[in-house]
Amino acid sequence: SLEDFTASLSAEYQNLIRQKIKLANLKTSLDLSRDRLYIVEASYGIGAASGLDYQQAQVDYNADNSAYIAQQELVETARLNLNRLMALEDVEHYYDIADSLIIFDTGLDKARLWEDAMNHNTQLMMAIKNKSISELDYRKAQSRNYPYLRLNAGYGYRYNWYDNSSTLSQSQLGPSIGLSAGITLFDGMNRRREQRNALIEIENRDLMVEKFKTALRADMAKLWTSYTNNIKLWEIEKNNQIVAQSNFEIAMERYRLRELSGLELREAQVSLLTAEERLLTAEYNIKLCEISLLQLSGRLLEYYLPE
């Protein structure tokens, strides 16, 4: 359906943004490792740093470089997946997206979402429509219990030939109309069987509607819990990222002044990268929950494809 396609396309687009942000974070970390390597290399050249410090800086730089190269592959994979979803003829077509941040809505209203789901959820509307069709079938079966009146009308040409008559032939051109009435007295219990089957079908359709409502409420409850929890995590991780950034800047300055070892600087660097990754994960999860909640509420197309 169009809703499923829009949800998949939106999620994959957000994944591409996520992978690009992660690539930028790794590039920053790689640049920092390169700066550290230059500092240690210069210090080692004048005998102010040990060979162990120099080798450790090389190891850390190579590790960051490997992570950066691997992330480039993930970015390209996300781009290819997006091209495939958009059915581009050239699935390898390269383009750069304008968005560099995951923008999400933290103000969704649970009661409004449920109300919209009851009125606009596509699958629920189909289930209710099927029930209505079953009710119409039952009424149709019931109509056979009552007398019927049929009106027949037509327009045509008739020609009659008479062998033993004073009139040899007769022709007639024009309309004809007829009316007939009747009632079915007995049809081998077919009417009763059809009506009973129609009632059973209505009950089955009604159970399906209620079953789907229960499943829909459960899905929305799980998504809402995930949505609100990830918002809480996002608030925490925002503060953690700020603290980690400040901690690294202090560590880098102390390292330049030779007041901090390379291992301690590396620890602060990894801590910053981890904090950025946790923050990005929370943002991405909030966006996925938002997309799924809007899809269940039947508002996804209105939200992402406004008229």
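Select helix α6, residues 262–297. In this predicted model, local features need pLDDT of at least 70, side-chain atom pairs count only at pLDDT 80 or more, and totals for chains, interfaces and linings use all residues. Residues are numbered from 1 along each chain as its sequence is written, and side-chain values use heavy atoms, with hydrogens and water left out.

Helices here are DSSP runs (H or I, at least four residues), numbered from the N terminus. Helix α6 has 36 residues and spans 53 Å from first C-alpha to last. That is close to the 52 Å expected at 1.5 Å a residue (1.5 Å times one less than the number of residues). Step just past α6 to Gly298, where phi is positive, about 80°.

Next, show the largest nonpolar core, which has 52 residues. Such a core is a set of buried Ala, Val, Leu, Ile, Met, Phe, Trp, Tyr and Cys residues joined through side-chain atoms within 4.5 Å. Buried means under 20% relative accessible area, exposed over 50%, partly exposed in between (1.4 Å probe, protein chains only). Helix α6 gives the most to this core, with 14 residues.

Pick Leu108, among the core residues that touch the most other members. Beyond residues up to four places away in sequence, Leu108 contacts Leu113, Trp224, Tyr227, Glu290, Leu293 and Leu294 (contact: heavy atoms within 4.5 Å).

Move to Asn83 in helix α2, residues 51–85. Asn83 is buried, at 0% relative accessible area. Leaving out residues up to four places away in sequence, Asn83 touches Leu88, Asp90, Val91, Glu92, His93 and Tyr95.

Finish at Glu253 in helix α5. Glu253 is partly exposed, at 45%. The C-alpha atoms of Glu253 and Leu265 are 9.7 Å apart.

How values were computed. Helix = DSSP H or I, 4+ residues; strand = E, 2+ residues; numbered from the N terminus.
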